[in-house]
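The coordinates come first, my notes after.

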Amino acid sequence: MNAQTQSLTLPGPAGAIEALLDLPEADLFASPRGTAVIAHPHPQFGGTMTNKVVQTIARACVQCGWRALRFNFRGVGASAGAYDEGRGELDDLLAVVAEQAPLDQPLLLAGFSFGGFVTAGAIARLHTQRPIASAVLVGTAASRFAVPPVPPELHPQTLVVHGELDETVPLASVMDWARPQSLPVTVVPGGEHFFHGQLPLLKSLVVRHVRA
């Protein structure tokens, strides 16, 4: 992504986890604000940590001074293991957080599509154990998985973004998930699942949220 990108191999419950770490510019930030962990789309449909939406979220976080860690779920790229319908992938995400995001530093959790579903599970699991400074859920796969609700106390720190014309996860399914929670959803007019032609807008939405 930039000259600051580092390739990492992290320990995971199914074996090695392949990851990429992007660091903020040292001349702009004396030290990182914390660590953002970003989860990618469905492994069985070509989802990887180099997905353009995942990269866009990472760029937004780096621009705001965060360490941005992307990783491949089990069975993707050089990560060991095999697809596990979200259960093992949640364990992967939690292992990455434990390895790369110390308890005494702010944590940002983000995910796109299937990664949004897994990230919501991580938020539900972690929010009673440690503070979560910010959360970003983009194109969350609410039509395909039972996405856990966001804890009410984390609503102010949570950005949910969805494309109006998402052909993979219909907007209605995300509204049905968000409505009982009274959780606001930011709708991108004309937006598709992968935000073709609208990645700069998505980045600006994430930057505005993370900086708030």
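Is C64 buried or exposed? I found C64 buried, with a relative accessible area of 3%. Buried means under 20% relative accessible area, exposed over 50%, and partly exposed in between, with a 1.4 Å probe and protein chains only.

Ground rules for these notes. This is a predicted model, in which local features need pLDDT of at least 70, side-chain atom pairs count only at pLDDT 80 or more, and totals for chains, interfaces and linings use all residues. Residues are numbered from 1 along each chain as its sequence is written, and side-chain values use heavy atoms, with hydrogens and water left out.

**Cysteines.** I looked for disulfides (a pair of cysteine sulfur atoms within 2.5 Å). The structure holds zero. C64 is in no disulfide; the nearest cysteine sulfur, that of C61, is 7.0 Å away. C61 is also buried, with a relative accessible area of 0%.

**Helix α1.** Helices are DSSP runs of H or I with at least four residues, strands are runs of E with at least two, and both are numbered from the N terminus. I checked the length of α1 (residues 52-63). The expected span is 1.5 Å times one less than the number of residues. For the 12 residues of α1 that gives 16 Å, and the end C-alpha atoms are 16 Å apart, which agrees.

Next, burial. Nine of the 12 residues of α1 are buried, so the helix is largely enclosed by the rest of the structure. Among them are V53, I57, C61 and V62.

Then the ends. N51 caps the N-terminal end of α1, with a side-chain oxygen 2.8 Å from the backbone nitrogen of V53. Just after α1, G65 takes a positive phi of about 95°.

**Sheet.** I traced an open sheet of eight strands with mixed pairing, in the order β1-β2-β4-β3-β5-β6-β7-β8. The edge strands are β1 (6-12) and β8 (186-188), each pairing on one side only. Two strands pair if DSSP finds at least two bridges between them. β3 and β5 run parallel, joined by five bridges. A36 stands opposite L108 in β5.

Last, I took packing angles. Axes are lines fitted to C-alpha atoms, for helices over the stretch in contact, and angles run from 0 to 180 degrees between N-to-C directions. α1 packs on the sheet, and its direction makes about 160° with that of β4. α5 packs on the sheet too, making about 165° with the direction of β7 (158-163).

Conventions
A polar contact is a pair of N or O atoms within 3.5 Å; within protein, one must be able to donate a hydrogen and the other to accept it, and residues adjacent in sequence count only if both atoms are side-chain atoms. Contact means heavy atoms within 4.5 Å.
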